[in-house]
Amino acid sequence: MSLNAERSYKMKLRDVENAFKYRRIPYPKRSVELIALLAISCTFFLFMHTNKLNSRLKEMEVKLQPSEFSALGLTGNHISGHDAGKHDDINTLHGTYNYLKSTGQMSSLNVRDLNNTRKAQMELVFFNRVPKVGSQTFMELLRRLSERNNFQFHRDAVQKVETIRLAEDQQQEMAEVISELPEPSVFIKHVCFTNFTKFNLPKPIYLNVVRDPVERVISWFYYVRAPWYFVERKAAFPDLPLPHPAWLKKDFETCVLNGDQECTYTQGVTVEGIGDHRRQSLFFCGHDYECTPFNTLGALERAKFAVEQQYAVVGVLEDLNTTLSVLEKYVPRFFEGVRDIYATSAEYLTKINKNNFKPPVSEHVKDIVRRNFTNEIEFYQFCRQRLHKQYLAAHLPQRIITDSAHLPGLIGN
């Protein structure tokens with residue numbers, strides 16, 4: 001082959017390769033439109049089919065629920081008038097049930113796993129009560145139960161300046177005094193969670209109650225401004241100065257909207273003293289300084305850990321019936337008959353410490369406050385879901401037979 005012929009052959013070969021490399025296979029315009037139409041049609045029909053299936057599942061769930069919830073004793077379980085209102089459905093008893101059922105966790109619920117009462121080393125309830133969560137009502141219930149169930153009732157004396165965070169030596173002194181009480185006993189005090197075993201002392205039965213954190217700070221705001229509050233404080237401590245009239249007249253909505261320091265809840269800020277009751281989680285986190293900054297993740301995780309590992313029951317004010325039922329099931333030595341006592345005296349008990357001077361607060365202002373209470377709200381939701389799990393575990397028919405032996409006893413089960 002001549003040189004020119006060879007060059008001509010190579011150029012043709014290169015042209016062919018380029019043609020294959022950069023070729024475009026033309027599709028008729030109608031074919032492209034047909035493919036697009038088919039894709040849209042498939043998507044639409046798939047959506048309609050999924051939606052139909054979802055509707056059928058919901059219908060089946062509605063049909064199934066009444067008998068199942070009736071069997072568990074869940075119907076009509078909540079007391080009206082207390083509504084958290086701003087949380088997902090999972091934070092209702094029905095919502096927790098549906099969530100656990102849909103995720104296959106109902107079958108794994110176990111009373112023993114949720115029963116920290118069995119870990120107690122003495123017949124002594126330590127109720128380190130959070131302020132403004134209905135703790136006065138629970139104290140009155142315990143006082144009446146002490147007569148019914150034959151245990152001693154003790155509460156800390158009213159103090160001029162109440163300190164909820166204690167130094168380590170003060171913690172030990174308090175724990176020693178409580179440990180020396182005759183068994184069975186109940187001891188009640190506004191104080192942070194205190195680990196008795198840290199001081200080589202027997203572990204008590206830890207109890208507490210929580211409340212929607214925003215509703216709680218509103219309640220506290222008006223509680224410390226109530227006329228009868230100052231009458232009681234002045235009678236107990238005559239040398240206490242009276243507050244300024246302008247402070248007494250302050251209302252919560254104006255306080256929030258004007259950015260008043262008293263109603264400004266800033267992430268990570270620490271305000272020590274009796275006036276800073278915004279940190280509900282502090283009563284579970286403990287006495288360490290790391291627990292004091294407001295709405296922090298570290299304090300949240302410590303508080304959750306204490307609830308899960310230490311507390312027999314953490315009740316919820318908005319779920320009072322559930323709380324009383326769980327207390328009766330998980331701490332029967334002290335709370336047997338609590339629902340009967342509440343039922344016969346509900347009208348009186350719900351009025352204890354009720355503040356008739358508290359005006360309504362708009363949802364708009366509550367929403368403003370909630371934005372800064374993210375971790376406090378999460379802690380509240382965590383406690384509420386745990387309470388629901390305890391209730392469900394204790395009321396599952398198949399669990400009552402296998403686990404009821406762990407409920408009546410108190411020590412060593």
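**Figure 1. Surroundings of Ser179 in the predicted model.** Leaving aside residues up to four places away in sequence, Ser179 touches Met122, Phe196, Leu201 and Pro202. Ser179 is part of helix H5, which spans residues 168-179. A polar atom of the Ser179 side chain lies 2.8 Å from the backbone oxygen of Ala175. Ser179 counts as buried because its relative accessibility is 18%, and the cut-off for buried is under 20%.

**Figure 2. The largest nonpolar core.** This core has 79 residues. The members that touch the most other members are Phe284, Val313, Tyr330, Val331 and Phe335. Helix H16 (residues 374-395) contributes nine residues, the largest share of this core. A second, separate core has 16 residues, among them Val214, Ile218, Val256 and Val369. In soluble globular proteins, nonpolar side chains tend to be buried together.

**Figure 3. Contacts of Phe335.** Phe335 is one of the residues of the largest nonpolar core that touch the most other members. With residues up to four places away in sequence not counted, Phe335 touches Leu142, Leu145, Asn149, Leu207, Leu327 and Glu328. Phe335 also belongs to the lining of the largest cavity, as do Leu142, Leu207 and Leu327.

**Figure 4. The largest cavity and its lining.** The structure holds two cavities of 30 Å³ or more, and the largest has a volume of about 70 Å³. Its lining consists of Phe127, Phe138, Leu142, Leu207, Asn208, Val209, Val313, Gly315, Leu327 and Phe335. At least two lining residues come from each of helix H4 (135-149), strand S4 (205-210) and strand S5 (311-316). Strand S4 supplies three residues, the largest share of this lining. By class, eight residues of the lining are nonpolar, two are polar and none is charged. Val313 and Phe335, both in this lining, are also among the residues with the most contacts to other members of the largest nonpolar core.

**Figure 5. The second largest cavity and its lining.** The volume of this cavity is about 30 Å³. The residues that line the second largest cavity are Ser281, Asn295, Thr296, Leu300, Asn375, Glu376 and Phe379. Helix H16 provides three residues, the largest share of this lining. The lining of the second largest cavity divides into two nonpolar, four polar and one charged residues.

Technical notes
Residues numbered from 1 in each chain as written. Predicted model: local features only at pLDDT ≥ 70, side-chain atom pairs only at ≥ 80, totals over all residues. Heavy atoms only, no water. Core = buried A, V, L, I, M, F, W, Y, C linked by side-chain atoms within 4.5 Å. Buried < 20%, exposed > 50% of the residue type's maximum accessible area, 1.4 Å probe, protein only. Helix = DSSP H or I, 4+ residues; strand = E, 2+ residues; numbered from the N terminus. Contact = heavy atoms within 4.5 Å. 1 Å grid on protein atoms, 1.4 Å probe; cavity = no way out; pocket = protein on both sides within 12 Å on 5 of 7 lines; lining within 4 Å. Points joined across faces, edges and corners; volume = space filled by probe spheres on them. Nonpolar A, V, L, I, M, F, W, Y, C, P; charged D, E, K, R; others polar. Polar contact = N/O pair within 3.5 Å; in protein donor to acceptor, adjacent residues only side chain to side chain.
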